[in-house]
Amino acid sequence: MFDISPEYSLINKIHKILSSPNIVTKEFVANQYDHEVQGSSIIKPLQGVGKVFGNTTAIKPLYDDNKTISLSQSAFPQYSEADPYKMAACSINTAVKNLVVMGANFKKIAILDNFCWCSSDEEGRLYELRKAAEACYDYAVHYNTPFISGKDSMYNDFKGFNQKNNPIKISIPPTLLISSIGIVDKINHLTKITPEKNDVIYVLGETHNELDKSQYENFFRVKKTNIPKVNATKSLDLYKRFEKANKKNLFTSALGVDLGGIGITLIKMSIGSNLGLNIIIPKKNNLDINQFLFSESQSRIVVSIRKNKENIFKKIFKNTSFTKIGTCLDNKKIVFNYSSKKYSDTIENFSKSYKSKIKGL
Amino acid sequence: MKVLILSGYGINCEDETLHAFIKVGFKGKIVHINDLIKSPKQLQNYQVFAIPGGFSFGDDTGSGNAMAKKIKNNLFDYIQNFLEKDKLVLGICNGCQILVNLGVVPGLTKKDPQVALIENNSDIYQCRWVNLKINNNHTPWLKNIDYLHLPIAHQEGKFIIPKDVINEIKNKNLISMQYANDNGKLANIKFPYNPNGSELDIAGLISKDGKVLAMMPHPERAFYYYHQPNWQELNKKNEYADGYKIFRNARNYFK
């Protein structure tokens, strides 16, 4: 664990997180399977000129139909032992959100559960399972996204002996993978992750101090913090507004905030488009720079819009939480402004970290 | 204009290949290899014979090998007869491997394969988009095409060719497409531009008379504009992508 000292600058922290196994590109996976099979892949796993490994893809299985099918998935095993209810809520919410961001019709989204549990004969593990199942019910009903299938494996435990011949038991953390499938009514509803020159960048949704079990917390010490909580009512409202705005083709790009928070999301968008970003970090809700950039609060979307669309954008998202955070520029660097300080590095350097190899592969 | 598309035993690109032909103006039919063997004379009713991509016979004993044997043992005379007429043959990916194993491309002799397709240098399956430099226009398939951007998806796409055969292939100008870098220059075996290590960056070959095109890239997967990577970023949106040109050329040949 590293200290948050001034020497360990913001940029170094970003590189550290960007090159960690959970965040780095999984391009080597995409290139190893036939993601073009039957000529239906239209939003491919590698997105933008910078080939960012996307969290959502789309296929167009029927040649003479304008509809496309979008697929995504989400899992947060890191939250399970802290709060299995929140863990399941985050998985469902993120899997659904990813499809909404891709342009899916909210009324035509279905989900699948994949429970990989451990020691399911122990009371504590069964309690966690029950809490996760409760969240599945609550959120699926609230979002009206049916579980159309699923599977489970309940004993992902290894029992054996260590080098010293002492008995050991190794279990996976309880894991719920939610896969999501949705119909995008028209091909021009599909969004992309790459902002365009002179676009204004906004974050939709609320950022809280939710750094617990985050990618940031994997490496750096954090003060008192929480794991993310999903506010289903606010999220649903945001997704419906997003859908409405997207039908008017308001966004030049959109990407759901996932692991690594806003900071990593912005860098992916910049790598994808190979266009620079000038980001002004707001002082809001008493969040410091690390909390704002790396908090993994749920139900947030980074979007870019053209300057002349800002008024209609503000109208549609009236009374929701949205924050203007910067602009997209035709230079090759990303600049974070906070108070009077500037932190910056080139897209090329960020891209190098993002495309570093996972150790042992 | 009619096209017969072969299917069966793991070929899996027949639908979109037929769709591409139909879209440019062909009529066509997907015929299972066993049905074709049962009534091989039906081949006479078609102008184009296409073998799509896939994993025929699970790629056991080498990609395309078993299907080539099945064709050779049951249909070879009919195929030869077909080739002697003013007709065209297309093999895509697994279809290319089948045509190579049949010896139909480069077709220097009437039997036995003269070149081989072996495992990629990376030893793993590769699915990615490649740049292709089109070298000769003496096949109707590639008329008026200089450059193509198409996807490949294969594990055994590396052409290896004996020295004496290389010279003959070069002299007769049978190398139809070669992997290129982003500047349109030959990839020079450099990965990922040349995704498999193919000799002379070969991505496709034609037969001596140019009627048969065997290519590892998939034109049918780059048919519409939205098949292209990052099509949303393109300023000019044509209805079709590069693969369309190959099918269009086949139509123009018979028109």
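In this predicted model, Q178(B) sits opposite I202(B) of β10(B). The strands concerned are β9 (residues 175-180) and β10 (residues 202-206) of chain B, which run antiparallel and are joined by three bridges.

Both strands belong to an open sheet of nine strands in chain B with mixed pairing, ordered β2-β1-β3-β4-β11-β10-β9-β6-β7. At the edges are β2 (27-32) and β7 (147-154) of chain B, each of which pairs on one side only. From one strand to the next, the twist averages 25 degrees. Helix α1 (residues 14-24) of chain B lies across β1 (2-7), β2, β3 (48-51) and β4 (88-92) of that chain. Relative to β1(B), α1(B) runs at about 175 degrees.

Two packed helices are described by the angle between their axes and the distance between the axes. For helix α3 (residues 84-102) and helix α4 (residues 123-143) of chain A, the axes come within 7 Å and cross at roughly 35 degrees. The crossing of α3(A) and α4(A) is right-handed. The residues that make the contact are listed by helix below.

| Helix | Residues in the contact |
|---|---|
| α3(A) | P84(A), Y85(A), M87(A), A88(A), A89(A), I92(A), N93(A), V96(A) |
| α4(A) | E128(A), K131(A), A132(A), E134(A), A135(A), C136(A), D138(A), Y139(A), Y143(A) |

By class, the residues of the contact of α3(A) with α4(A) comprise twelve nonpolar, one polar and four charged.

Terms used: Residues numbered from 1 in each chain as written. Chains lettered and ligands numbered in written order. Predicted model: local features only at pLDDT ≥ 70, side-chain atom pairs only at ≥ 80, totals over all residues. Heavy atoms only, no water. Axes fitted to C-alpha atoms, helices over the stretch in contact; angles between N-to-C directions. Helix = DSSP H or I, 4+ residues; strand = E, 2+ residues; numbered from the N terminus. Left-handed = near helix turned anticlockwise from the far one by under 90°. Contact = heavy atoms within 4.5 Å. Nonpolar A, V, L, I, M, F, W, Y, C, P; charged D, E, K, R; others polar. Pairing = 2+ DSSP bridges.
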